[in-house]
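Trainee: I have a structure open and would like to learn how to read it. Can we go through some features together?

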Amino acid sequence: MSVSLNLDPALLGPLSAPIRRLVRLLPGGLRLELPETLPLDNPLLVARTARGLGVGLVADDLGAGLPRRSAELARLQLAAIKLDRGALREARSGRAQTAVFAAYLELALRLAPVVVVEGVEEKSELRLLRTVAAGRREVHAQGYLFGLPQPLSPTIHGVPDPLPATPTPRRRL
């Protein structure tokens with residue numbers, strides 16, 4: 001299991017000790033989500049600092065606006081990209097929008113080894129995503145269709161999940 005955090009990259013240095021402890025506790029690793037709209041003064045420094053702490057970088061909400069940072073994203077060696085739920089929602093409204101979503105997905109797959117599509121809440125959205133993803137195992141779905149977000153602390157402390165029958169919030173297509 002990996003855990004993703006929304007955290008200002010400027011805090012990586014000051015919070016390095018607790019971040020290192022978290023990385024040791026999480027067998028799947030810790031990832032820092034960087035929203036597409038977050039301005040980065042020095043993206044290479046952010047990438048170096050994160051890697052030095054054992055933290056993967058995730059481009060979050062790609063598709064929420066114009067991809068202003070595509071050149072920066074290409075240099076960051078991202079562990080994953082999360083496509084914003086709005087991109088999938090728009091894809092349902094017609095062939096042209098589906099083509100745009102497919103292009104976002106293809107771009108994301110070229111920039112990161114794993115792509116998580118957020119906001120999959122209906123079976124029709126999952127069917128559309130499966131069609132566009134064309135069986136690619138590196139594309140994952142996340143959303144209320146699979147279950148509600150679960151508390152983190154029981155998992156970290158080794159306590160069994162209080163809702164074992166609940167599907168995981170993210171799964172491979």
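Trainee: Let me start with one residue. Is Gln77 buried or exposed?

Mentor: First, keep in mind that this is a predicted model. Now, exposed means over 50% relative accessible area. Gln77 has a relative accessible area of 59%, so it is exposed. Gln77 sits in the loop between helix 3 and strand 4. Look at its backbone too: Gln77 has a positive phi of about 50°, although it is not a glycine.

Trainee: Where is Ala134 found?

Mentor: Ala134 lies in the loop between helix 6 and strand 6. Its phi is positive, about 50°, and again the residue is not a glycine. Ala134 is exposed, with a relative accessible area of 63%.

Trainee: Now the whole chain. How many helices and strands are there?

Mentor: The protein chain has seven helices and seven strands. Read from the N terminus, the elements run β-α-β-α-β-α-β-α-α-β-α-β-α-β. Of the 173 residues, 38% count as buried.

Trainee: How do I read the two faces of a strand?

Mentor: In a regular strand, side chains alternate between the two faces of the sheet. Take strand 4, residues 80-83. Ala80 and Lys82 are on one side, and Ile81 and Leu83 are on the other. These residues are all buried, and both faces are covered.

Trainee: Which residue in strand 5 stands opposite Ile81?

Mentor: Val115 stands opposite Ile81. Strand 4 and strand 5 pair in the parallel sense, over three bridges.

Trainee: What about strand 2? How many of its six residues are buried?

Mentor: Five of the six are buried, so strand 2 is largely enclosed by the rest of the structure. Strand 2 also pairs with strand 1 in the parallel sense, over four bridges. There, Asn6 has Glu33 in strand 2 as its bridge partner.

Trainee: How do I describe two packed helices?

Mentor: Give the angle between their axes and the distance between the axes. For helix 5 (residues 95-111) and helix 6 (residues 123-133), the axes come within 10 Å and cross at roughly 60°. Helix 5 and helix 6 are therefore oblique to each other. The crossing is right-handed.

Trainee: Which residues in helix 5 meet helix 6?

Mentor: Thr98, Phe101, Ala102 and Leu105 do. Their counterparts in helix 6 are Leu128, Leu129, Val132 and Ala133. The residues of this contact divide into seven nonpolar, one polar and no charged.

Terms used
Residues are numbered from 1 along each chain as its sequence is written. This is a predicted model: local features need pLDDT of at least 70, side-chain atom pairs count only at pLDDT 80 or more; totals for chains, interfaces and linings use all residues. Side-chain values use heavy atoms; hydrogens and water are left out. Buried means under 20% relative accessible area, exposed over 50%, partly exposed in between (1.4 Å probe, protein chains only). Helices (H or I, at least four residues) and strands (E, at least two) are DSSP runs, numbered from the N terminus. Two strands pair if DSSP finds at least two bridges between them. Axes are lines fitted to C-alpha atoms, for helices over the stretch in contact, and angles run from 0 to 180 degrees between N-to-C directions. Angles under 35 degrees count as roughly parallel, over 145 as roughly antiparallel, 65 to 115 as roughly perpendicular and the rest as oblique. A crossing is left-handed if the near helix is turned anticlockwise from the far one by less than a right angle, and right-handed if clockwise. Contact means heavy atoms within 4.5 Å. Ala, Val, Leu, Ile, Met, Phe, Trp, Tyr, Cys and Pro count as nonpolar, Asp, Glu, Lys and Arg as charged, and the others, Gly among them, as polar.
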